[in-house]
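Thanks for coming, everyone. I'd like to walk you through one chain today, so let me put it on the screen.

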Amino acid sequence: MSIRSSGRRTGAGAAALAIGASVLLVPTAAGTTHAEPLPPRPASSVDASLLHRSGTHVRARQGAPALPDDVSALSWLVADVGTGAVLAAHDAHRRLPPASTLKTLFALTALPHLPGSGRHTVTEAELDAVPDGSSTVGLSADHTYRVADLWRGVFLSSGNDAVHVLAAMNGGWDATSAQMQAKARALGARDTTVVSPDGFDAEGQASSAYDLAVFGRTGLADPAFAEYAATADAQFPGGTHADGSPTWTYGIENTNRLVTGQDGLGRYPGIIGVKNGYTSQAGFTLIAAARRDGRTLLATVMNPQWGGANAVYEEARSLLDWGFAAAGRVDPVGSLAPPAPPAAPPAAPPVVAAGAGAPDRLRVGAPMLYGLSAAFLAAVAALAGTAVLRRRRSEP
């Protein structure tokens, strides 16, 4: 009898312990503290590596127009400004000297710090740093200029004198170079190395058709940048009063021939800018954007290999014409959108200290858990008492 009693007592105790363990291990809904993992990012339909491969890339659907066969540039790209979709490209990430198209990155960097309402008195030291052979707008030392006029000197006349003055106002030449480099990286433009903020030839300085397209697209989202880039001509102060207002002016004209239509090219329909450039090392370079029928397209062209000074404009015109004709008939081969910020790691479960500081949802679950534990202990005690009673009754 005692052995059978002991066996029942042991079995009952084991069962009670098993029940108690299951009670303790099953969390209540109110006490759940596990953070849900972040959902995976949706897979992109665009192969980001495609544009890093050499050659021409386009994903044409049935009925799409053929790419123009008169484009000789070492590197070029056509993109939709609204969506950032790259419609076609050739050697898009090839690193080449950018010439004055790099001034778009300069404007993206310094324009937010130097609004047009300001004024500045030019110093001799600022002008002495301008390289020989530079394009200039004609600034004079000891003259006070409105900052808006300095920016028109940058965008219309591609004035390196205006860039040097604005860079000095922005913290200095080296500081501005570093800021431009950081801005390029933040925008996902990783082919660009800034040595001279005005785009003048310098050892190691480079950009790409892709990066220039990123700069042009980003700039067009800024109303001040877009206004300067689209201006065909303006009056520039030859002499100034102390407040920067002109005593006399002379005319300046945008050097982007698609904007002005000069030299027999004709103004491109819907043109809204952006910036052209030329140096002996870079050849002719251009960022051109136009808007038609609710769509804005952008083309970048770097160093055409045949034709004269107009070739860069003619090739950009051909690429923009193709892009408008190809609307809805090609799939993207890349994107100009900046990289997404890294995903935040999942939050760790909160550590709850004993006492009143615990979250309400945990305090609600705790009494239930303690109550179940107390019931479990009481059941064990009752079973033990019953077993002792039976054993005493069975003893002789």
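Predicted model: local features only at pLDDT ≥ 70, side-chain atom pairs only at ≥ 80, totals over all residues.

Residues are numbered from 1 along each chain as its sequence is written, and side-chain values use heavy atoms, with hydrogens and water left out.

What do I mean by a pocket? On a 1 Å grid over the protein atoms alone, a pocket is an open set of points where a 1.4 Å probe fits, with protein on both sides within 12 Å along at least five of seven lines, and lining residues have an atom within 4 Å of a point. The largest pocket holds about 400 Å³ of space, counting the space filled by probe spheres set on grid points that are joined across faces, edges and corners. Its lining has 8 nonpolar, 6 polar and 2 charged residues. For those classes, Ala, Val, Leu, Ile, Met, Phe, Trp, Tyr, Cys and Pro count as nonpolar, Asp, Glu, Lys and Arg as charged, and the others, Gly among them, as polar.

Now the second largest pocket, with about 320 Å³ of space. Here 22 residues form the lining, and Ser 100, Ser 135, Ser 158, Gly 277 and Tyr 278 are the closest to the centre. By class we get 6 nonpolar, 13 polar and 3 charged residues in that lining. Strand E8 (271-279), strand E9 (283-292) and helix H10 (311-325) each give two or more residues to it, and E8 gives the most, with 4. Those labels are DSSP runs numbered from the N terminus, with helices (H or I) of at least four residues and strands (E) of at least two. Over the chain, that comes to 11 helices and 12 strands.

Let me stay with Ser 135 for a moment. You'll find Ser 135 in the loop between H3 and strand E5 (144-146). Is Ser 135 buried, partly exposed or exposed? Partly exposed, because its relative accessible area is 30%; buried means under 20%, exposed over 50%, and partly exposed in between, with a 1.4 Å probe and protein chains only. Ser 135 and Ser 158 are 23 residues apart along the chain, with their C-alpha atoms separated by 6.3 Å. Ser 135 also touches a run of neighbours, including Ser 157, Ser 158 and Gly 159, where a contact means heavy atoms within 4.5 Å.

Why call H10 largely enclosed by the rest of the structure? Because 12 of its 15 residues are buried, among them Glu 315, Arg 317 and Trp 322. Helix H2 (residues 103-110) is also largely enclosed, because 8 of its 8 residues are buried.

On to the inside. In soluble globular proteins, nonpolar side chains tend to be buried together. A nonpolar core here is a set of buried Ala, Val, Leu, Ile, Met, Phe, Trp, Tyr and Cys residues joined through side-chain atoms within 4.5 Å. The largest core has 62 residues, and Leu 77, Leu 139, Trp 151, Phe 155 and Phe 215 touch the most other members. Helix H7 (residues 209-220) gives the most to this core, with 7 residues. Leaving out residues up to four places away in sequence, Phe 215 touches several residues, including Thr 104, Leu 105 and Leu 108. Apart from that core lies another, of 27 residues, with Val 78 and Tyr 313 among them.

Asp 91 has a positive phi, near 45°, without being a glycine, and Asp 293 has one of about 50°. Asp 91 counts as buried, at 14% relative accessibility, whereas Asp 293 counts as exposed, at 82%. Asp 293 is found in the loop between E9 and strand E10 (295-302).
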